[in-house]
Amino acid sequence: MEIAKVGVLGCGLMGHGITQICAQAGWDVVVREVDQEKLDKGIGKIEKQLARAVEKGKLDHNDADAIRGRITPTLDYADLSDCDLVIEAITEDLDGKLAMWREVDPIVKPDAYFATNTSSLAVADQAAVTGRPERFLGLHFFNPAQVMPLLEVVRADETADETAELGLAVGAELGKTTVAARDNRGFIVNRLLVPYMLDAMRAYEQGVGSVEDIDTGMMAGASHPMGPLTLADFVGLDTLASIADVMVDAYGEERFSQPETLRRLVEAGDYGRKSGRGFYDYSGETPVAVDPAR
Ligand SMILES: NC(=O)c1ccc[n+]([C@@H]2O[C@H](COP(=O)([O-])OP(=O)(O)OC[C@H]3O[C@@H](n4cnc5c(N)ncnc54)[C@H](O)[C@@H]3O)[C@@H](O)[C@H]2O)c1
């Protein structure tokens, strides 16, 4: 099936990026949020990025207008009814995702494909509450979706060959590098990356190094483009905490569990870059390391 219209659920960190790249690929996009404020915030980010691309001469003014024109923000699930592909990027919470699919499935045309951008939940669990598990797959984008080249295409047991092929084709259309991953918790990248970020927090708690020195160590010593604590702030500490909970349950290994510092930061509402504070304070021109263990 040709994709002409894509539905995106959630216009947060990931949803706004997925919306933007799908519109840039020439697809009409309907993006749904839970309230007007969140919707406006996500759309505002897209508009800002398009304006910046025009300013820098990377995008023609008319093309930017056309991209924005292909995006329809909504609060109403009914507007997704004629989408060919619906990608969810809502909060990492299984019950919330299941409740959402139960509402969306009967509304959207039966031959549409459904995809989850979950970082850690089982694709199969979400597919099972829809009447179309064979048309359901994982499309795991990376943050920021506009920049990061990878798309993990995740196949659950009931995902049909045609659906998996559709996932690879969507990746190619979006100019992404695709990898096929099994429906295990964390797929390929988070299976490796999440315990690494959590371990960096434990190293910090044990006094191995300061926030800045742990980050600098991994950048200068392992050629990583950013350190693990900066990366955690970038992912969103609330999202990382949810992923850790899912993974520790799934694998039963302590290294996937939330370190105390992460738990405390999330309880305080310090979610990293998106809330303005996490392992770093983002209120000034440049991020300043804070000492969250105190
Ligand atoms: N943050 C990352 O680096 C990253 C990377 C890849 C995948 N993911 C996954 O993407 C998903 C979203 O993560 P995020 O970082 O964008 O979180 P986020 O908190 O920035 O955004 C989630 C958004 O979903 C909205 N939402 C909740 N229920 C909704 C519903 N029923 N309909 C429409 N919108 C709804 C919330 O209002 C919120 O704005 C999660 O499953 C996460 O695991 C995150």
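Which residues of α4 are buried? The views below take up this and other details of a predicted model. Local features need pLDDT of at least 70, side-chain atom pairs count only at pLDDT 80 or more, and totals for chains, interfaces and linings use all residues. Residue numbers run from 1 along each chain as its sequence is written.

**View A. The buried face of α4.** Lys97, Met100, Trp101 and Val104 are buried in α4 (20 or more other C-beta atoms within 10 Å of the residue's own; exposed means 12 or fewer; C-beta atoms are placed from the backbone). Seen down the helix axis, these buried residues fall within an arc of 100 degrees, so they line one face of α4. The arc is that of the directions from the helix axis to the C-beta atoms. Helices (H or I, at least four residues) and strands (E, at least two) are DSSP runs, numbered from the N terminus.

**View B. Both sides of α4.** The buried residues pack against β1 (5-9), β4 (85-88), β5 (113-116) and α5 (123-127); contact means C-beta atoms, placed from the backbone, within 7 Å. On the other side of α4, Asp95, Arg102 and Glu103 are exposed.

**View C. The ligand shell.** Around the ligand are 25 residues, of which Gly10, Gly12, Met14, Ser119 and Asn143 come nearest (near: C-beta atom, placed from the backbone, within 6 Å). α1 gives the largest share, three residues. Domain 1 (5-182) and domain 2 (190-287) both supply shell residues, so the ligand lies between them. Domain bounds come from an automatic or database assignment.

**View D. The two domains.** The C-alpha centres of domain 1 and domain 2 lie 26 Å apart. Their contact takes seven residues from domain 1 and 10 residues from domain 2.

Conventions: Contact = placed C-beta atoms within 7 Å.
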